Amino acid sequence: MVAFGKKLKERQIQEWQGYYINYKLMKKRVKQYGHQIEVGTLDRRHVLKDFSRMLDCQIEKIVLFLLEQQGLLAGRIAKLNEDQDALQQEPDIAKLSQLRENYRDVGRDLLKLLFFVEINAVGLRKILKKFDKRFGYRFTDYYVKTRANHPYSQLQQVFKHVGLGAVVGAISRNLHELQEHQGSFLSIYDQSVLPLEQDSVVDAMKAAVDRLSHSTNFLNFLAQHALIMQEELPTPIEESIDDKRYHFMSLILNLANTFLYMINTYIIVPTADDYSMSLGAPATVCGIVIGSMAVAQVFSSVYFSAWSNRSYFRPLVFSSIALLIGNVMYAMAYDFKSITILLLGRLFCGLGSARAVNRRYISDCVPLKLRMQASAGFVSASALGMACGPALAGLLQTEFKIYKFTFNQNTLPGWVMAVGWFFYMIWLCISFREPFRPTQDTNVAPQTSDVLKAEPTRNDALEKGLQQPLLPSTEANQDDEDCGSDDESEGSRGPANSLRSAYRLLTPSVKVQLLIYFMLKYAMEILLSESSVVTTYYFGWSTSSVAIFLACLGLTVLPVNIIVGSYISNMFEDRQILLASEIMVCVGILLSFHILVPYTVPQYVCSGLIMFVSAEVLEGVNLSLLSRVMSSRLSQGTYNGGLLSTEAGTLARVVADVTITMAGYLGQKTLLNVTLLPSLVICITSILATCFTYNSLY
């Protein structure tokens, strides 16, 4: 990866070159400060004052140019409005068409200005991060807090862009009124929603403004669960390449794979204990039965991620075949009376886990304007699959025999999923289209002038609000220029080539967030995997009752994300939600313990609901933060950020399921408390780690 300073220079609009943040000068000044402090010619207070003044001057230069350009755009729009008024008196189709094109030209120039703001915002965060790392001082916090709401500060102009929003609104309104339906007497304000056919320039402008906005919406919050990493610096994109790679039905097939896989994972949870006992094993062996799929997924995630570098179709076909074989083996284990075949069947299912391919397809092949919706669809498909799995198991309460094969509540999940994967494979072979893979020539970065024709990429790391620092100050990302000069070669700064090198790119704050992810997945797996054993022992629940309980938990995922994404995340800082949800997970675990008083259904259901919902909130906020502080070198290649998070969550599930099986040797009477104890310890550890690195999470 080319260093930031070089990328910034390459992506500048040449005619505006003198108005960008002078990143190279400020980088040299930071090095000079370090040397002068070492030799004793400068003290720290003088450095802070001088650097603050330099930043103020840089921001003022950016803002004054921004205001000047806004004025020019406003003048052009005013002139076009006069032309439009004249055409209202004497309509002329040719002139109307030319007027629409003139408005689009203004919109394209506005895109250049939005791109200018976005690049400078990234540059500000980068240089502040460099200063904090060099001197070990929380300068970012000081600088943002002192200038966030000060009446003379111009920092707000870079991020609030009220004037730019007004220009976007003016262009959008006039283009709407100049659409083909000139005969309508309705104005844009008389319609509750905009027409389905939006002008492409308007779409591009709105997408660019969304990247710079402070608020979080439901789709954005939900999409962050997918942890699909993006490059930090906005880049003009050739839409023609996106169009060649994107195929709607192929995306649907990827989401269907995710949906079916999650059903496959959880459909056996209500009956795993009964199935184990029918084969002569203890009920608590259900932990190994459920967890064996996760064991195989630890390895399958790596080779599927590597395989997706060359193809998407073949990995999905292999996934379908492995899951088909695994489910047939799982179902046939009953008639063969073999726990070994049962476990091998689940291992085969885990070897078919193609979630790395599903993520990679969205990241590589879905156009930027649809990527957030596709990521949200990936998360929604996972959540719905998690809810449908136990619900489907609750419906399969019948028993019959065909030839020598038994069909009952234990084997039907395997047979049903085998049939599902068979039909999915047929659909895949008929409808999937291998995406176009650009050659070396098509990968050449487009010139900056292409901003006029293309939309800048989504920058997930832009600010959520001025109350937050512009970047994590103690982050020691290897992708920053401290590791080398701006002329550093691409090969030495490319993606990680092994799990070990990927782990070395993780900063302390990222490791804490992966620990949080491990904790919440561990707690959720304990709750879900032992639910059938615990509820049968304490309450005598049937398989149907367990299935209803698990399905209800799964159905809370989307409503909870709607509330958090649309409201709570706009009222509180992410780090506040993070810590509060960790504490609530801890409360849910504590309430789940069986101590002295008789264990009741309300206690179990309420504590489980608190734990599960809090863990869901925690997952969304944690992955949102993780995507913003993880090294940009982990946004590409086989060993990317998505793979690391998947491995952390999968390992948590494996450890949880092994814990359930080992605790079973102590008897079902102590199973609940023994399995909850590690959850409590890990949860408290993660809370302490969060408090210790509280500031470095931003």
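A crossing of two helices is left-handed if the near helix is turned anticlockwise from the far one by less than a right angle. In this predicted model, H13 passes H26 in such a left-handed crossing, and the crossing of H11 and H14 is left-handed as well.

**Helices H13 and H26**
- Helix H13 (residues 286-307) packs against helix H26 (residues 641-664) at an angle of about 160 degrees, and their axes are 8 Å apart.
- Because angles over 145 degrees count as roughly antiparallel, H13 is roughly antiparallel to H26.
- On the H13 side, the residues that meet H26 include Gly287, Gly291, Ala294, Val298 and Ser305.
- On the H26 side, the residues that meet H13 include Leu643, Glu647, Leu651, Arg653, Asp657 and Thr661.

**Helices H11 and H14**
- The axes of helix H11 (residues 248-266) and helix H14 (residues 313-336) come within 12 Å and cross at roughly 20 degrees.
- The two helices, H11 and H14, are therefore roughly parallel to each other.
- H11 contributes Asn254, Asn257, Tyr261 and Asn264 to the contact, while H14 contributes Leu316, Ser319, Leu323 and Asn327.

**Helix H2**
- Helix H2 (residues 23-39) has 17 residues and should span 24 Å at 1.5 Å a residue; the 25 Å between its end C-alpha atoms agrees with this.
- The buried residues in H2 are Tyr23, Met26, Lys27, Val30, Tyr33 and Gly34.
- Viewed down the axis of H2, its buried residues fall within an arc of 110 degrees, so they line one face of the helix.

Technical notes:
Residues numbered from 1 in each chain as written. Predicted model: local features only at pLDDT ≥ 70, side-chain atom pairs only at ≥ 80, totals over all residues. Heavy atoms only, no water. Helix = DSSP H or I, 4+ residues; strand = E, 2+ residues; numbered from the N terminus. Expected span 1.5 Å × (residues − 1). Buried < 20%, exposed > 50% of the residue type's maximum accessible area, 1.4 Å probe, protein only. Arc of directions from axis to C-beta. Axes fitted to C-alpha atoms, helices over the stretch in contact; angles between N-to-C directions. Parallel < 35°, antiparallel > 145°, perpendicular 65-115°, else oblique. Contact = heavy atoms within 4.5 Å.
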